[in-house]
Amino acid sequence: STAALLRDGPDGPEVLLLQRHRRSGFVPGAYVFPGGRVDAADADPRLVAFCDGLGPEPEPAYWTAAVREVFEETGVLLATDADGQSILGAAASAPRLAEAREALLAERATLLDVLESHGLRLDARDVVYCAHWITPEAEPRRYDTRFFLARLPDGAEASADAREMSDAVWHTPERALELFHAGRLPMVFPTVATLESLCGFASVEEILDSFRRRRVRPILPRLVRTAEGVGIVVDEDERP
């Protein structure tokens, strides 16, 4: 489960990209969206009961995993307090959030523990399910991943976890693709395709509204031989 964090910038909507360490076992050196494996605790019915704004699909565990991974990898917790207010603009919340993030990363606590101990609820009202990518059948290591879009809450600042990431950058989708094609921003195919689908919008609100109305179909790319080597093909009706 992975989520692209979005914010409005001076030149249009921007997306957060994190660079994985060169020593990473999965796409080392590539720029990716925050994300990772869905854990058993993400499906805990008690955790789901602490969530607001979940969509009808996919299963709740994908949503909670996406929110958890965003928190672990960026420090941004998509949550509200008991009064329904975002906690991210309050300076007093920063140390508590940092401690909770560290406890999650060290596996001393679950996301449910964090919510219960701090009196919080997950807020997925500005999270939108946007794509379902499945690794090509010929690949030895395969993934089945749900992609989400999430608005960066007002007052929030992303801070990459240095244990997994070596860089964090905000770019408009158009600029990220320009850097990718220039060989300056390495990315894997689903990340590139997602960025392509985010081009041409004037605001984050416009992006979220558009994707809320779209039907998500599984995307299973095919590997094909080309004059340059091996290429990836996605049928037009499967593209996000």
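Tutor: Strand β4 and strand β6 (residues 121–123) are paired in the parallel sense over two bridges. Two strands count as paired if DSSP finds at least two bridges between them, and strands (E, at least two residues) and helices (H or I, at least four) are DSSP runs, numbered from the N terminus. Please keep in mind that this is a predicted model, in which local features need pLDDT of at least 70 and side-chain atom pairs count only at pLDDT 80 or more, while totals for chains, interfaces and linings use all residues. Residues are numbered from 1 along each chain as its sequence is written, and side-chain values use heavy atoms, with hydrogens and water left out.

Student: Which residue in β6 is the bridge partner of cysteine 51?

Tutor: That is leucine 122.

Student: And what is the order of the strands in that open sheet?

Tutor: The open sheet has three strands in the order β4-β6-β5, and the pairing is mixed. β4 (51–52) and β5 (79–80) are at the edges with a single partner strand each, so one side of each is left without a neighbour in the sheet.

Student: OK, what about β1, which strands is it joined to?

Tutor: Strand β1 (residues 2–9) runs parallel to β8, with five bridges joining them, and alanine 4 has leucine 149 in β8 as its bridge partner. β1 is also joined by four bridges to strand β2 (residues 12–20), and here the two run antiparallel. In this pair, arginine 7 has glutamate 14 of β2 as its bridge partner, and a hairpin of two residues links β1 to β2.

Student: Changing topic, how many cavities of 30 Å³ or more are there?

Tutor: There is one cavity of 30 Å³ or more, and the largest cavity has a volume of about 30 Å³. On a 1 Å grid over the protein atoms alone, a cavity is a set of points where a 1.4 Å probe fits but cannot get out, and lining residues have an atom within 4 Å of a point. Grid points are joined across faces, edges and corners, and the volume is the space filled by probe spheres set on the points.

Student: Which residues line the largest cavity?

Tutor: The lining is made of Ala3, Ala66, Val67, Val70, Leu78, Val127, Phe148 and Ala150. The elements giving two or more residues to this lining are α2 (60–74) and β8 (144–151), and α2 has the largest share, with three residues.

Student: How do α5 and α6 pack?

Tutor: Helix α5 (residues 173–181) packs against helix α6 (residues 189–197) at an angle of about 140 degrees, and their axes are 8 Å apart. Axes are lines fitted to C-alpha atoms, for helices over the stretch in contact, and angles run from 0 to 180 degrees between N-to-C directions.

Student: Last one, where is proline 58 found?

Tutor: Proline 58 is in the loop between β4 and α2, and the peptide bond from glutamate 57 to proline 58 is cis, with omega near -5 degrees. Most peptide bonds are trans.

Conventions. 1 Å grid on protein atoms, 1.4 Å probe; cavity = no way out; pocket = protein on both sides within 12 Å on 5 of 7 lines; lining within 4 Å.
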